[in-house]
Amino acid sequence: MEFKDYYKTLGIERTATADEIKSAYRKLARKHHPDVNKEPGAEARFKELGEAYEVLKDTEKRAAYDDLGNRWREGQEFTPPPEWGAGFEFTQGGASATEAADFSDFFSSLFGNFSRHAESTHTRGEDHHAKIFIPLEDAFRGGTQTLTLRAPQVNAQGRPELRERSLNVQIPNGVREGQHIRLAGQGAPGITGTSPGDLYLEIHFHPHKLYQVQGRDLSLLLPIAPWEAALGATAKAPTPSGVVEVKIPPGSRSGRKLRLKGRGIPGEPAGDLYLILEVVLPPADSERAQEIYHTMAQELAFNPRQTLGV
Amino acid sequence: MEQPQDILIGTVIGDESVLSIEELARACGAESQWIIELVAIGVLEPEGPETSTWRFHAADLTCARRMARLQRDFDASLDAAAAMLELLEQIEQLRARLKQTGLDMERTT
């Protein structure tokens, strides 16, 4: 395990005052809060900030941490010294067991033992939450996803440690982004004899290479040839439930939407699939192709900039 | 690591309102009173005439958990967090529309 420099995480000096720590944390937390910042990595950064602040805002923990900080540097291999914790009695406060579970192994190895108190106030195990990313196809056909979760468990020494466990979860068809699957009894274990909490899985789709998802509706960019757009045609289009033939009305333009009712995510009612037409030009990469373009230029009195008055 | 065993089958929390006030509060690690306040300021819209028969759906769970995080992490009042929630939702809708028109930020940056 690596030593973490909490001062560096918050971008402050080791001599920073309590006010400086608070203001550095608040500024960074605002910027990296996962609800505010959708950049990948924001959530991880926010957790690091929370962990650093959890230690440095608390005079007891900060003093204990500073004591170590004189001996270790950021990134150095770290094992808690044998006498660790002997001189300190941490008062419970701050992060709950669930929040602390998100903190690093480094944090748990140092301060892990204080979070036990938090749980005893609950009459049953806490509910846990996790996000699950599934392929869009699962919403059509259903499926099984295996997910690996890290959850805190109290070890033989009485300290919570993060333990990995795998779950196989059935994904019912018709699920949509933002819905949750609740697994009864899969949350935190209850304390002596009380029932465990539930596990909520928030559904997200992996980005799909063809379809965009909006609620229960899907959209697909459908490329068509100029003559299909101009004259109308029957064209093949993929849908998650198989290839279909669609009628392109004559005089179609790029951006025109065709709605395939009920071809979106199944359910009552099922969503729709929108085909967004995109006229693509054949390349003028042969003599014959160039000839055809020349003929069009000569024989069609067409000014695409007419509406601009030029 | 433990090996996966049985396939777990859960309940889908979706558009159908299934969560009671106690269940929602517990899922947010909060008290029922806090849920009542969220309903009072219109952040949550349960079905049912009385507190005891209120039923919440997936969107309520997402909103409530977000409110809990915003309040906790920014030390924000209920109203301030609700305003943030509103703005965040607007940004998300705008992002979704950009994405639909192929102008999503990931591709342009």
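Begin by selecting D75(B), which lies in the loop between α3 (58-74) and α4 of chain B; helices (H or I, at least four residues) and strands (E, at least two) are DSSP runs, numbered from the N terminus. Before going further, keep in mind that this is a predicted model, in which local features need pLDDT of at least 70 and side-chain atom pairs count only at pLDDT 80 or more, while totals for chains, interfaces and linings use all residues. Residues are numbered from 1 along each chain as its sequence is written, and chains are lettered from A and ligands numbered from 1 in the order in which they are written.

### Chain B: a loop and a helix

Stay on D75(B), which is not a glycine and yet has a positive phi of about 55°. Most residues other than glycine have a negative phi, and most peptide bonds are trans. D75(B) is exposed, because its count of other C-beta atoms within 10 Å is 10; a residue is called buried if 20 or more other C-beta atoms lie within 10 Å of its own, exposed if 12 or fewer, and partly exposed in between, with C-beta atoms placed from the backbone.

Next select L94(B), which is found in helix α4 (residues 78-100) of chain B. Is L94(B) buried or exposed? L94(B) is exposed, since 10 other C-beta atoms lie within 10 Å.

### Chain B as a whole

Of its 109 residues, 24% are buried. Among the contacts in chain B with a separation of 6 or more, 53% come from residues 24 or more positions apart, a contact being a pair of residues whose C-beta atoms, placed from the backbone, lie within 7 Å.

Chain B has a mean pLDDT of 85, and 87% of its residues reach 70 or more. Within chain B, confidence is lowest in helix α5 (residues 105-108), at a mean of 48, and highest in helix α2 (residues 32-40), at 95. The model scores ipTM 0.73 and pTM 0.70.

### Where the two chains meet

Select both chains together: 28 residues of chain A are in contact with 28 residues of chain B. On the side of chain A that touches chain B, the elements that give two or more residues are β2 (143-154), β3 (160-171), β4 and β6 (211-214) of chain A. The largest share of that side, seven residues, comes from β3(A). By class, the side of chain A that touches chain B has nine nonpolar, 13 polar and six charged residues, where Ala, Val, Leu, Ile, Met, Phe, Trp, Tyr, Cys and Pro count as nonpolar, Asp, Glu, Lys and Arg as charged, and the others, Gly among them, as polar.

Which strand of chain B is joined to β4(A)? It is strand β2 (residues 11-13) of chain B, which runs antiparallel to β4(A) and is joined to it by three bridges; two strands pair if DSSP finds at least two bridges between them. Select I181(A) here, and its bridge partner in β2(B) is V12(B).

### Strands within chain A

From β4 (residues 180-183) of chain A, move to β5(A), with which β4(A) pairs in the antiparallel sense over four bridges. R182(A) stands opposite Y200(A) in β5(A), and Y200(A) is also the bridge partner of H129(A). Strand β1 (residues 128-134) and strand β5 (residues 199-205) of chain A pair in the parallel sense over seven bridges.

Then turn to an open sheet of four strands in chain A, with the order β6-β7-β11-β10 and mixed pairing. Here β6 and β10 (257-260) of chain A stand at the edges, each with a single partner strand, so one side of each has no neighbour in the sheet. Four bridges join β6(A) to strand β7 (residues 217-224) of chain A in an antiparallel pairing, and Q214(A) stands opposite D217(A) in β7(A).

### Last stops

Select P269(A), in the loop between β10 and β11 (273-279) of chain A. The peptide bond from E268(A) to P269(A) is cis, with omega near 0°.

Finish at α10(A), where the count of buried residues among its 13 residues is zero.

Note on methods: Contact = placed C-beta atoms within 7 Å. pLDDT = per-residue confidence, 0-100.
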